[in-house]
Amino acid sequence: MAFDKTYAVADASSQKSLRFTCPQSLDLVHKLRRNSDCVLVGRATVQRDDCTLTVRRVDLFEQREQPVRVVIDSNLNILKNAAGHDRDRDRDRDHDHDHDHEEEYSYALFKDGFKTIVYHSCNAHDDGISNDNPNVTLVNLSSGTGDQAARIIQPLQIIQDLQSKNIRHIMVEGGPATAIQFLNAQLVDRAIIIRAPVTFIEPVLSGMTDESLVNAGLELIEKRICGDDVVEYWVKEGMDWPTDDVEDWPN
């Protein structure tokens with residue numbers, strides 16, 4: 001994850017999400033993606049950034065496919081929005097209106113042909129949500145009790161289901177609320193923290209601190225300069241980095 005000097009992840013004074021890290025740090029993100037079986041984010045990241053989460057800035061390894069995208073969306077809001085928008089589009093189709101908004105809810109990761117898994121805990125059928133996209137898999141991880149607490153998806157549930165699908169190297173890319181869930185559950189083996197030399201005008205704080213990482217059982221083993229940024233390498237106590245030199249992985 002990337003932060004400014006204050007553990008903030010965005011600037012509320014900006015009308016759109018802007019990259020604030022250097023190109024070398026962005027390359028590092030794509031290298032980590034290509035070393036991963038999946039890239040995991042929360043619903044808000046998809047809605048805010050319309051991200052693809054694919055490997056683009058570096059070449060894929062030979063005989064490796066794009067990592068599976070994994071989205072946590074307890075109430076399937078991203079598909080509810082899409083369904084509602086499609087109905088509006090059908091209603092207006094015969095009218096000569098401006099359709100600049102037509103793709104508002106057609107998120108990029110649903111359109112590019114690569115695999116996506118969406119974890120939820122609602123009754124998609126009762127909510128009128130259908131999925132006819134062969135590249136999108138909806139997985140219900142609710143306990144079936146119907147109360148609000150049952151709708152909270154635990155990180156360990158996701159990990160276990162991904163393991164059953166032979167997906168073992170999980171990259172948790174964001175946002176901070178999602179990362180905090182995995183940290184609090186002490187399920188993070190390694191963390192790469194990018195600190196950009198900027199201070200946002202209206203910082204959107206992540207809720208993370210160094211203490212969050214320490215409490216998750218991680219220890220800082222190295223800091224390196226990456227372009228204009230500083231990269232911190234954290235690893236779970238008792239574990240080693242995959243390579244002797246931290247900069248050799250991800251490669």
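Two bridges join strand E1 to strand E8 (residues 190-195), and the two run parallel. Strands (E, at least two residues) and helices (H or I, at least four) are DSSP runs, numbered from the N terminus. Phe3 stands opposite Arg195 in E8. The model is predicted: local features need pLDDT of at least 70, side-chain atom pairs count only at pLDDT 80 or more, and totals for chains, interfaces and linings use all residues. Residues are numbered from 1 along each chain as its sequence is written, and side-chain values use heavy atoms, with hydrogens and water left out.

E1 and E8 belong to an open sheet of four strands, in the order E1-E8-E11-E10, with mixed pairing. Two strands pair if DSSP finds at least two bridges between them. Helix H1 (residues 23-34) lies across E8, E10 and strand E11 (229-236). H1 runs at about 160° to E8, with axes fitted to C-alpha atoms, for helices over the stretch in contact (heavy atoms within 4.5 Å), and angles from 0 to 180 degrees between N-to-C directions.

The largest nonpolar core has 29 residues. Such a core is a set of buried (under 20% relative accessible area, 1.4 Å probe, protein chains only) Ala, Val, Leu, Ile, Met, Phe, Trp, Tyr and Cys residues joined through side-chain atoms within 4.5 Å. Val46, Ile192 and Trp241 are among those with the most contacts inside it. H1, strand E3 (38-42), helix H3 (77-92), E8 and E11 each supply at least two of its residues. The largest share, three residues, comes from E11.

Terms used:
Buried means under 20% relative accessible area, exposed over 50%, partly exposed in between (1.4 Å probe, protein chains only).
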